[in-house]
Amino acid sequence: MTLLKREEWQHLVRDVDWTYSYVDDEAVYPEWLSGTGKVPRAAWRTWEEDYKVSYPEYVSTQREKETAAYAVKAALQRSNAFDELSEGWKSSTKMHYGGVALVEFEAVLGELKMARFGLNPAWRNMAAFGALDEIRHAQITMFFGHEFVGRDPQYDWTQKMFHTNDWVAISLRSLFDSMMVTNNVVDLAIQLPLTFETGFTNLQFVALSADALESGDVNFANMISSIQTDEARHAQQGGPTLEILVEHDPVRAQWVIDKAFWGSARAFAALTGPAMDYYTPVEHRKQSYREFMEEWIIDQFIRTIEDYGLRRPWFWDEFMKGLDTWHHALHMGLWFWRPTIWWRPTAAVTKADREWLQEKYPNWEAVYGDKWDVIIDAVNAGNVEATLPETLPWLCSLCHLPCCNATLGRDGRWRVRDHSLTHNGVTYHFCTNGCRQIWWKDKDTLNSPTVIDRFLAGEIQPMDVGGILNYMGLTPDVMGDDPDYAWAAEYRDRVTTTPLQVAGGAQA
Amino acid sequence: MSESVTDAAEPQLVPVNAIFHTDFVQILVPVTTADTIAEVAEKVAYHVEGRRVHKQDAPKVVFHGGRRLDPRLTVADAGIGPLDHVRVEYDV
């Protein structure tokens, strides 16, 4: 018997659907899960993916990827490659494993939701492949991270992190729950596959892969490159969904894409920004975080939304200015509150680092240099105590990251400013105008108290640093510290005088 | 009459959202209704001066709701409530 070619039969099966006779459509695709909204139900019949795949093709391709990824891992396991890696780079990988492994699992749930409640059968088929992809990603990330647990207990947070009440875990759960768990599948397809996977994962999985190779971590680069090859296929669920939504409800499309972009940008500033501009040794950095963002995210995002007839988000100016500040402040916060994280953050402010930072970010010294100088003086005076926290940073009620974004005022001063609002008698604080605006519009669907809220409500006992660390699940063998503090020694001859502040934030 | 009752009451805890001068992050600082504004400034400064901001030989001033506060007022008198934002600056 001669087998038909795929193109001769696939059009018959890729969107085979049921005609219901015993139940109505709303019973099978309830609005709160399927989310058609103002889009007529019939409009979803035109949904079509660009890149088609059959199940045998899928299995064959995935088998090859898996074989290749694990073969490289097995070969490197016998080498001493891990021991040669810098502490800074290892921190990037610990942050990645803990921050990503169970988000991949959460994505399995998101894909399965689309596989069940997607409004077109072809979409549901694509999502079924997507769920298989995400199972692979959760497994491979967990497996690669697990290899190092015996050498360093911080890698145990690959699996543990997402189950804790660490502030990073709360922040990531809050973001990804809103993208994958609490929303309907139309919003999900636009937030996760289109905005997050088409754009931001490129940064973590392609751009960071370049830094991994430069840093000598072939194993990590191999893993994340293998994962990224799946993204392009299942990420395409976003395009056809957005196309239909824009036609019938452009206001909703704009809002959903805007807030997913904003939330992703905040999370990447916290995790990818420090990994690229600080934890990757300066001699191995390919580009700055800002340059990666411009090349991999911004151009492509603007092209995408313009192709669909959407506008730049209302927060665009604030976001673009934040490329010069958000991740620098978050890095300083991660370092200062280092007992609350599961990696060893390098300060990465040697003279060579600072020269690089100043070249890439011309305001870096004006905004952050003086604070690092104070920290350096304390380290060199043997007063490490002064570089450790005795209270909590205030956490944003939307993104759950510290409120630490300085802006340049009309008076020429860089200051962290108050972005708050009072609702039903309670005052909420935000890191930015963008977070405040999204919270205000979504407030009825949000229920995720920050660590500050929990602390003030008496949920964390005893109410001291020890109680907080215990609440977050940090044990002494895991909690972060600077790898050696030796980096500060080159500043011992620094003249410690108070710099004069002049207009524009420069120092004299 | 009600004033004397308030004065006689135990000081209440007032957790505030505070920023000190050029520091890079807002922090949680617990003060009490009985603290003077000068004491509030020092409680905020404790977490920042010599830790991330150079200590300056200058008096400190507290801003709340756009107003510069008299350092002799108490937190209660100044109307600072729980979760309010306060800014502490060097008065230079």
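Colleague: What makes helix α6 of chain A roughly antiparallel to helix α13 of chain A?

Modeller: In this predicted model, α6 (residues 87-117) and α13 (residues 250-279) of chain A pack at an angle of about 170 degrees. Angles over 145 degrees count as roughly antiparallel, so α6(A) is roughly antiparallel to α13(A). Their axes are 9 Å apart.

Colleague: Which residues make the contact?

Modeller: From α6(A) come A:Gly88, A:Trp89, A:Ser91, A:Ser92, A:Met95 and A:Gly99, and from α13(A) come A:Leu271, A:Ala275 and A:Tyr279. By type, these residues are five nonpolar, four polar and no charged. Gly counts as polar in this division.

Colleague: How do you know whether chain A agrees with a compact globule?

Modeller: For 508 residues, a compact globule would have a radius of gyration near 23 Å. Chain A has 24 Å, which agrees. The C-alpha trace of chain A spans about 85 × 60 × 45 Å along its principal axes.

Colleague: What is chain A built from, and how much of it is buried?

Modeller: Chain A holds 21 helices and four strands. A residue is called buried if 20 or more other C-beta atoms lie within 10 Å of its own, and 46% of the 508 residues of chain A count as buried. Of the contacts in chain A between residues at least 6 apart in sequence, 79% join residues at least 24 apart.

Colleague: How many residues of chain A are in contact with chain B?

Modeller: On the side of chain A there are 28 residues, in contact with 20 residues of chain B. Contact here requires C-beta atoms within 7 Å. Elements of chain A that each supply at least two residues to this side are α16 (326-336), α18 (364-380), β2 (414-416), β4 (426-430) and α20 (451-456). Helix α18(A) gives the most, with five residues. The side of chain A that touches chain B divides into 17 nonpolar, seven polar and four charged residues.

Colleague: What makes chain B as compact as a globular protein of its length?

Modeller: The radius of gyration of chain B is 13 Å, close to the 12 Å that the globule rule gives for 92 residues, so chain B is as compact as a globular protein of that length. Its C-alpha trace spans about 45 × 25 × 20 Å along the principal axes. Buried residues make up 43% of the 92 residues in chain B.

Colleague: In what order do the elements of chain B run?

Modeller: Chain B has three helices and five strands. From the N terminus on, they run α-β-β-α-β-β-α-β.

Colleague: Why are β2 and β4 of chain B said to stand at the edges of the sheet?

Modeller: The five strands of chain B form an open sheet in the order β2-β1-β5-β3-β4, with mixed pairing. Both β2 (27-32) and β4 (67-68) have a single partner strand, so one side of each is left without a neighbour in the sheet.

Colleague: What makes β1 and β5 of chain B a pair?

Modeller: A pair needs at least two bridges, and four bridges join β1 (residues 13-20) of chain B to β5 (residues 85-90) of chain B. These two strands run parallel. B:Asn17 stands opposite B:His85 in β5(B).

Colleague: Where does helix α2 of chain B lie?

Modeller: Helix α2 (residues 37-46) of chain B lies across β1, β2, β3 (60-64) and β5 of chain B. This helix runs at about 100 degrees to β3(B).

Technical notes
Residues are numbered from 1 along each chain as its sequence is written. Chains are lettered from A and ligands numbered from 1 in the order in which they are written. This is a predicted model: local features need pLDDT of at least 70, side-chain atom pairs count only at pLDDT 80 or more; totals for chains, interfaces and linings use all residues. The radius of gyration is taken over C-alpha atoms; the globule rule is 2.2 Å times the number of residues to the power 0.38. A residue is buried if 20 or more other C-beta atoms lie within 10 Å of its own, exposed if 12 or fewer, and partly exposed in between; C-beta atoms are placed from the backbone. Two residues are in contact if their C-beta atoms, placed from the backbone, lie within 7 Å. Axes are lines fitted to C-alpha atoms, for helices over the stretch in contact, and angles run from 0 to 180 degrees between N-to-C directions. Angles under 35 degrees count as roughly parallel, over 145 as roughly antiparallel, 65 to 115 as roughly perpendicular and the rest as oblique.
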